[in-house]
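Have the structure open while you read.

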Amino acid sequence: LPFAEGEFDVVTSAFGAVLAPHHQVVADELLRVCRPGGTIGLAAMTRAEWAEDFFHLMSDFLPSMFAADSPLRWGDEDHVAEVFGDRVESLEMRRHRLELARFAGPTEMRDFFKANHPVAIALYRSAAEDPERAAALDRAFLDIMERWQGEGDDESRVYTQEALIAVARKRRRPA
């Protein structure tokens, strides 16, 4: 990160930093820019079948975006505790169910992701010059959204996702 050591009292990321390919480097940098005694907050998706499929899709269509370590590992309490290690004096984690939005169905949800989700936008940009690849991406996204059917009637489905919310307090003195 282009910031000085200990520059911030609070460092947060909601579903962003967890997409970086090297998890330990992410944790090291979050801790580096946080002052001693400061707070680090993260939100990350937990494992769900559709989420696994979503990240496989991303790695299939844009392999340079992901390393071998799935972003979904950030949704595992043991993994988060491991990457922060003894450099934090406290680490609180809880799972929270998020309501993403109401969509008329899988096609509307796919189109929303296509227009608004940063990773989906990058995927579609990578396929912009290849209509067959873009069509394959559309089909693959729609397939995931169909498996991730939300609850509700046919007019408006609510799609939910579980997230892990982690709040760490950086040690005031090295362990």
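In this predicted model, helices α5 and α6 pack with their axes 9 Å apart, at an angle of about 150°. Anything over 145° counts as roughly antiparallel, and α5 and α6 are therefore roughly antiparallel to each other. Who makes the contact? On the α5 side you'll find Ala-120, Leu-123, Tyr-124 and Ser-126, and they meet Arg-133, Ala-134, Leu-137, Asp-138 and Phe-141 of α6.

A search of the whole structure turns up 4 aromatic pairs. In the pair formed by Tyr-124 and Phe-141, the ring centres are 5.9 Å apart and the planes sit at 20°, so the pair is stacked. The pair ties together distant parts of the chain, with Tyr-124 in α5 (residues 118-126) and Phe-141 in α6 (residues 131-147), 17 residues apart. Buried or exposed, these two, Tyr-124 and Phe-141? Both Tyr-124 and Phe-141 are buried.

Now for another helix pair. Helix α1 (residues 23-33) and helix α3 (residues 77-84) have axes that come within 9 Å and cross at roughly 60°. That angle makes α1 oblique to α3. The crossing of α1 past α3 is right-handed. From α1, the contact uses His-23, Gln-24, Ala-27, Leu-30 and Leu-31, while α3 brings His-79, Glu-82, Val-83 and Phe-84. The residues of the α1–α3 contact split into 5 nonpolar, 3 polar and 1 charged.

| Helix pair | Axis angle | Axis distance |
|---|---|---|
| α5 and α6 | about 150° | 9 Å apart |
| α1 and α3 | roughly 60° | within 9 Å |

Zooming out, how many helices and strands does the protein chain have? Its secondary structure comes to 6 helices and 5 strands. Reading from the N terminus, the elements go β-α-β-α-α-β-α-α-α-β-β. Of the 175 residues in the protein chain, 39% are buried, Tyr-124 and Phe-141 being among the buried ones. As for sequence range, take the contacts between residues at least 6 apart in sequence: 79% of them join residues at least 24 apart.

Methods. Residues are numbered from 1 along each chain as its sequence is written. This is a predicted model: local features need pLDDT of at least 70, side-chain atom pairs count only at pLDDT 80 or more; totals for chains, interfaces and linings use all residues. Side-chain values use heavy atoms; hydrogens and water are left out. Axes are lines fitted to C-alpha atoms, for helices over the stretch in contact, and angles run from 0 to 180 degrees between N-to-C directions. Helices (H or I, at least four residues) and strands (E, at least two) are DSSP runs, numbered from the N terminus. Angles under 35 degrees count as roughly parallel, over 145 as roughly antiparallel, 65 to 115 as roughly perpendicular and the rest as oblique. A crossing is left-handed if the near helix is turned anticlockwise from the far one by less than a right angle, and right-handed if clockwise. Contact means heavy atoms within 4.5 Å. Ala, Val, Leu, Ile, Met, Phe, Trp, Tyr, Cys and Pro count as nonpolar, Asp, Glu, Lys and Arg as charged, and the others, Gly among them, as polar. Rings of Phe, Tyr and Trp (its six-membered ring) pair if their centres lie within 6.5 Å; planes under 30 degrees apart count as stacked, over 60 as edge-to-face and the rest as tilted. Buried means under 20% relative accessible area, exposed over 50%, partly exposed in between (1.4 Å probe, protein chains only).
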